[in-house]
Amino acid sequence: MEEIMKGFVKYTSDPYSAIEEWKEKNQKKVIGIFPMWLPEEIAHAAGMLPVVMWRSNEAITWGYAHVPPYNCPMNKSVVDDAVKGKLKFMDGMVFLRECLQSQEVPFIIENNMPPAFEEYLYMPPIYHASNADLEFTRGELERLRKSLGEFGGEEITDEKLNESIRIYNKNRSLLRRLYDIRRKKPGIMPARDILKVVWSSMLMLKEDHNKLLEALISRLENNGYEPVKGKKVFLSGCLCIHPQVELLDMIEDLGMIPVDDDIYVGYRYFANDAEITDDPIGALTERHFIKTPVDPARGEVEVNWGKELVDKVKRLNADGIVTLMTKYCPPHLCYYPDVKTVLADAGIPEVLVEIEHEIISYEGVKTRLQSFKEMLGGV
Amino acid sequence: MGVEYKVNRLRATGNIRPLVDKHWGDLRAAKERGEKVAWASGPSFMFPYSMGMKCHFMAGYASYAGGIGAADELLRLAETTGDLPETCSYHRLHMGLVEAIKKGVPIKEQAILPLPDLLIAGRYCTEQSHYSESFYRRMGLRIAPLELPFVFNKEDRPRIREFVYRQIVENVIPNLEDVCEKPFDYDRLSEILSVLKKTATLRNECWKFLATKPATWTLWDYAVSMAPVIYMMGDPAGIPFYEDLLKELKERHEKGIPALAPEGEKYRIYWDGWIPWAFLGKFMRKFTPHGAVCLCGRYPWEMFPHPELIDPEHPLDTVVDWVYGEETGLACHMAPKGSIEMIGELIEEYSIDGLVMFSSKSCRMWNQSHLDQIDALDKKYGIPGVVIEADMIDPEMVQDSQIDTRLQALFETIDGRRRR
């Protein structure tokens, strides 16, 4: 088990070196993909390594010469990494209009560390998915296929794209299986390890990740399971970035067991497959318009995030929800009061913890989580 | 003793308050008269107007509420129902309004609005759609979405123009027709644009007096005069307002009366970002003692800067081309890369000495790029700039000392460069 985890942790403990080492060894291009909506499959089909851009492992310093502190941790961190030259191993970057802040990042990147390849996609919100929305989105994805193909020097055919979708679907299916195991056997793995398994999927070649995942799942399914005592909690939110592992440890140390989540570096990342059809761009377009899990950045109105959470908590027989809010995240900020109201009406206990990049008062968070645990009752 | 600067107040701008009060008063009473009401965000309010509906405009209402001193109570009301303070203050303001309506909380009467029959969620900034979504969740109101992206690369503009045009024809207009139970009135849209063309042409004549040295009026005067070219679009009352304003500016210019007494400004400033609607007096008092006047800015220049391109014969194309047309380039200018070009043009046209980038702590639409913009513009034009942090309407986000210190630093930098 420890040996398998090493394969994942190599990437999450120092993604910069691990990816650079992979690149050196495999002599392939690396493409940074800005979270959360862009299909990595297209870069993979171009024979490149797509990596989902991440919140860094060190304090922001130079980045504050470009971004004010009251902006989201993802942007601050990516800009900081870029201006420090830590992202030079990325041959290309793909950005998108997703929220107010994501649409400004590439300007700073271009000004200070322009990558060899850059693309900007105008991904629309999903709402009612009109023909105009569908056709425009399809056009954006076709554009990415064309430009990445040109950058790689080889056309990205439907066959190649379908093969990549197949590999990615397999990865998603394995991750969903991992989550199924956790739901059935709460606490079988520490939350920090689950996070690292999912996060490493965003950083590694999917084929390699699949092999590790298969080994991990086989071990989890066949090993004995000692039930862990604790209050079952659902983790919600945390858009674009991964939460601090120390925070996950704290939740567990206080006697709560995360049994499921809808965080980005979690279930949200692998929830939806793309279909294998003779129109793979069409399949990726369709996936963009899938309404669940509800994404507050995406303009969904027909499905309610609060109700979705109530259903999940009831299905899991969970005791409460820990909302992890990425600090200064407008989509989550704007949606949160409505989620809170629905949960309160349904009698589901919930607590809010804000996730910053670095300035997080663990003592304050601990007090809040302790109180929450007391609300949920004893073990 | 240094020069003691004082603002020469304009008489004509005093005429705007009754006009905007009437506008919002008409909207407030619309339901009682049996009229349909829409709420719109982004540049989309002209479509409900074309159907004879009364229409709220998200940013316009926020500015009005801020201007009449109603913002604070609405913001705090929103926070009592779960909104966090770093949420967009325009969003919070509207959430406060809906809570006041739902629970019958007494608020300033002028700030109360009727709930709409249709929300047009113009996603010019993404929060503008989030507020519509919140209303949908809380009140079950009908939404017509309209994605309006800023154009990051110029070459992207044509296909985005086509996308926006299609959404209007396929999403917005059918929703309006359904709600109003009649076909879309293109003729009325043409009439609105004819009035707007006259109003904006007069407004552009007035703009010329911001370029004079010394300046004849200020950005703050223009800011309070913007309603006739935005949410009062199509209201003929805007024409005599701007005629009167233009007349006064001409008279002032002929008599050599500058915006700042006694002898005109010492520093000519570009202002980037939103207007601090609830604190106009405060900001005026921060600039005036230094002999500084704000003269132009990206946001206040957004509203139909080229009236010569308004073609009432082709109303839908005109509206789309306002933002996505080749000649205006507005959607490109709203994005950070294109903004350099627009701000550069304003620097030259208005003989700007320094840049003030107004960084709203609750609106992150533009503030992320401010530091890089200052850098790029300083390199190109030799103009220094500073960022000041505040908010459009939330008093809890306005800390005077950092603003004062940074403005002082800007003026000293300009002085230093002049001495070279």
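How many of the six residues of strand β8 (residues 350-355) of chain A are buried? In this predicted model, five of the six are buried, so β8(A) is largely enclosed by the rest of the structure.

The setting of this strand is an open sheet of four strands in chain A, ordered β6-β5-β7-β8, in which the pairing is parallel. From one strand to the next, the twist averages 30°.

Strand β7 (residues 320-326) of chain A pairs with β8(A) in the parallel sense, over six bridges. Between β7(A) and β8(A), the chain passes through helix α14 (residues 330-345) of chain A, and this β-α-β crossover is right-handed. Within the pairing, A:V351 in β8(A) is the bridge partner of A:V322, while A:V353 in β8(A) stands opposite A:L324.

Two helices of chain A lie across strands of the sheet. Helix α14(A) lies across β5 (231-237), β7 and β8 of chain A, and its direction is at about 170° to β7(A). Helix α15 (residues 362-376) of chain A lies across β5, β6, β7 and β8 of chain A, running at about 165° to β8(A).

Elsewhere in chain A, a helix pair is formed by α7 (residues 158-184) and α8 (residues 191-201), whose axes come within 11 Å and cross at roughly 175°. With angles over 145 degrees counted as roughly antiparallel, α7(A) and α8(A) are therefore roughly antiparallel to each other. From α7(A), the residues A:N171, A:L175, A:L178, A:Y179 and A:R182 meet A:I194, A:V197, A:V198 and A:S201 in α8(A). By class, this contact comprises six nonpolar, two polar and one charged residues.

In chain B, the axes of helix α3 (residues 58-67) and helix α5 (residues 89-103) come within 10 Å and cross at roughly 80°. Since 65 to 115 degrees counts as roughly perpendicular, α3(B) and α5(B) are therefore roughly perpendicular to each other. On the α3(B) side, B:M58, B:A59, B:Y61, B:A62 and B:A65 take part, meeting B:Y90, B:H91, B:L93, B:H94 and B:L97 in α5(B). The residues of this contact divide into eight nonpolar and two polar, with no charged residues.

Terms used: Residues are numbered from 1 along each chain as its sequence is written. Chains are lettered from A and ligands numbered from 1 in the order in which they are written. This is a predicted model: local features need pLDDT of at least 70, side-chain atom pairs count only at pLDDT 80 or more; totals for chains, interfaces and linings use all residues. Side-chain values use heavy atoms; hydrogens and water are left out. Axes are lines fitted to C-alpha atoms, for helices over the stretch in contact, and angles run from 0 to 180 degrees between N-to-C directions. Angles under 35 degrees count as roughly parallel, over 145 as roughly antiparallel, 65 to 115 as roughly perpendicular and the rest as oblique. Contact means heavy atoms within 4.5 Å. Ala, Val, Leu, Ile, Met, Phe, Trp, Tyr, Cys and Pro count as nonpolar, Asp, Glu, Lys and Arg as charged, and the others, Gly among them, as polar. Buried means under 20% relative accessible area, exposed over 50%, partly exposed in between (1.4 Å probe, protein chains only). Two strands pair if DSSP finds at least two bridges between them. A crossover is right-handed if, with the strands pointing away from the viewer, the path from the first strand over the helix to the second runs clockwise.
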